[in-house]
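Q: I would like to learn how to read a structure, one feature at a time. Please pick a place to begin.

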Amino acid sequence: MELIIDNLSKTYSNGIQALQNISLEIPTGMFGLLGPNGAGKSTLMRTIATLQDADSGSVFLGDIDVLKQKNELRKTLGYLPQQFGLYPKISAEVLLNHFAVLKGISNKGERNDLVKALLQKTNLYEVRKQNLKGFSGGMKQRFGIAQALLSNPKLLIVDEPTAGLDPLERNRFYNVLSELGEHTVVILSTHIVDDVKELCTNMAIINKGQVCLKGNPIQILESLKDRVYKKTIEKSELNIYKQNYKVISEKLFLGKPTIHVLSDVHPGDGFSLINAELEDVYFSELFKNTNLKRN
Ligand code: ADP
């Protein structure tokens, strides 16, 4: 099974071009769609999930023409949107059971088994009797996944799932997601580089409605091999470095900025070559993009 997106474009009525000729081939497994806020990720996810129309282009999941055969797609889709409401005064088990009824799983024994299995899979079995009102952000997200898995989807879309989760909850969420990619196309849309680093076998970076880079994270990292250098500098020097080097990221370390610089040759005194991280790839792509726009 593969999801093929071909030349997808969308301009909103206010003139914003949210998607500009997006083409992606997404195989079974975890696919990371990485991009800053406003890049067009949600627009793309919502279009694939048949919640809104594109102006042009096509999307196919196997034989299903997603933009035309919406009902067909919906039967095999699991979608976890950025924000979703839950009935607060019901337990996780009762609500999941209720959703299973709505999905048409009428056999009680089959339904109970499925609900139990999904609660276990998402690590919520222990808290199944608790009302959703008391659930943390991470527990709610995992409940969202359990719900999305009820229909045994071939395509699962998860939009910005870890925003607002603390590191522990994020890790639990990663563990749940990482088991899903074997038979399913899972698209994880995020602006958090670590989400992709931890989980995804394929990825794309989008910015301003366009794909800047796509491929396998390990191969993509190869492209930056021997090209990223690090230096710790004084705060007052930051602007000068930015004018003279391709500074792709800056982070405070013990109160001083540590900069990462992209360069094909050794940039000089005090710089040391480092192994590029996915974060460097991300920032260097966004850097390129901003620079192109500036020139
Ligand atoms: P992301 O999910 O990457 O943050 P979005 O797809 O939400 O990006 O937004 C892409 C661009 O389209 C942004 O500039 C946003 O302001 C704009 N946009 C999103 N939804 C609408 C809408 N319904 N009407 C007009 N503009 C929109």
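A: Let's begin with helix α1, where the buried residues are K41, T43, L44, M45, T47 and I48. Buried means under 20% relative accessible area, exposed means over 50%, and partly exposed is in between (1.4 Å probe, protein chains only). This is a predicted model, in which local features need pLDDT of at least 70 and side-chain atom pairs count only at pLDDT 80 or more, while totals for chains, interfaces and linings use all residues. Residues are numbered from 1 along each chain as its sequence is written, and side-chain values use heavy atoms, with hydrogens and water left out.

Q: How many of the eight residues of α1 are buried, and what follows α1?
A: Helices are DSSP runs of H or I with at least four residues, strands are runs of E with at least two, and both are numbered from the N terminus. Here α1 covers residues 41–48 and is mostly covered, with six of its eight residues buried. After α1 comes T50, and its phi is positive, near 65 degrees.

Q: What does T47 touch?
A: Contact means heavy atoms within 4.5 Å. T47 is part of helix α1 and is buried, with a relative accessible area of 1%. If we do not count residues up to four places away in sequence, T47 touches L8, L19, Q52, D53, A54, V66 and L67.

Q: Which residues are around the ligand?
A: A residue is near a molecule if one of its heavy atoms lies within 4 Å of it. Around this ligand we find Y12, N14, I16, A18, P36, N37, G38, A39, G40, K41, S42 and T43. Helix α1 gives the largest share of this shell, three residues. Sorted by class, the shell has five nonpolar, six polar and one charged residues. For these classes, Ala, Val, Leu, Ile, Met, Phe, Trp, Tyr, Cys and Pro are nonpolar, Asp, Glu, Lys and Arg are charged, and the others, Gly among them, are polar.

Q: Which polar backbone atoms lie by oxygen atoms of the ligand?
A: A polar contact is a pair of N or O atoms within 3.5 Å; within protein, one must be able to donate a hydrogen and the other to accept it, and residues adjacent in sequence count only if both atoms are side-chain atoms. A polar backbone atom of A39 is 3.1 Å from an oxygen atom of the ligand. For G40 the distance from such a backbone atom to a ligand oxygen is 3.0 Å, and for S42 it is 2.8 Å. The ligand alone exposes 560 Å², of which the protein buries 63%. Such areas come from the Shrake-Rupley method with a 1.4 Å probe, and for residues only the protein chains shown count as cover.

Q: How do I read a strand such as β3?
A: Strands of a sheet pair through backbone hydrogen bonds, either parallel or antiparallel. Two strands count as paired if DSSP finds at least two bridges between them. Strand β3 (residues 29–34) pairs in the parallel sense with β8 (residues 185–190) over six bridges, and M30 stands opposite V186 in β8. Strand β9 (residues 202–207) also pairs with β3 in the parallel sense, over four bridges, and the bridge partner of L34 in β9 is I205. Six of the six residues of β3 are buried, so this strand is largely enclosed by the rest of the structure.

Q: In what order do the four strands of the open sheet come?
A: The order is β2-β1-β4-β5, with antiparallel pairing. At the edges are β2 (17–27) and β5 (64–65), each pairing on one side only. Strand β1 (residues 2–11) and β4 run antiparallel and are joined by five bridges; L3 has L61 as its bridge partner in β4.

Q: Where is D55, and what does its side chain reach?
A: D55 sits in the loop between α1 and β4 (56–61). D55 is partly exposed, with a relative accessible area of 48%. Apart from neighbours within four places in sequence, D55 is in contact with S9, K10 and T11, and its side chain reaches the backbone nitrogen of T11 at 2.7 Å.

Q: How many helices and strands does the protein chain have?
A: The chain has 10 helices and 14 strands. Its C-alpha trace spans about 70 × 45 × 35 Å along the principal axes. Of its 295 residues, 47% are buried.
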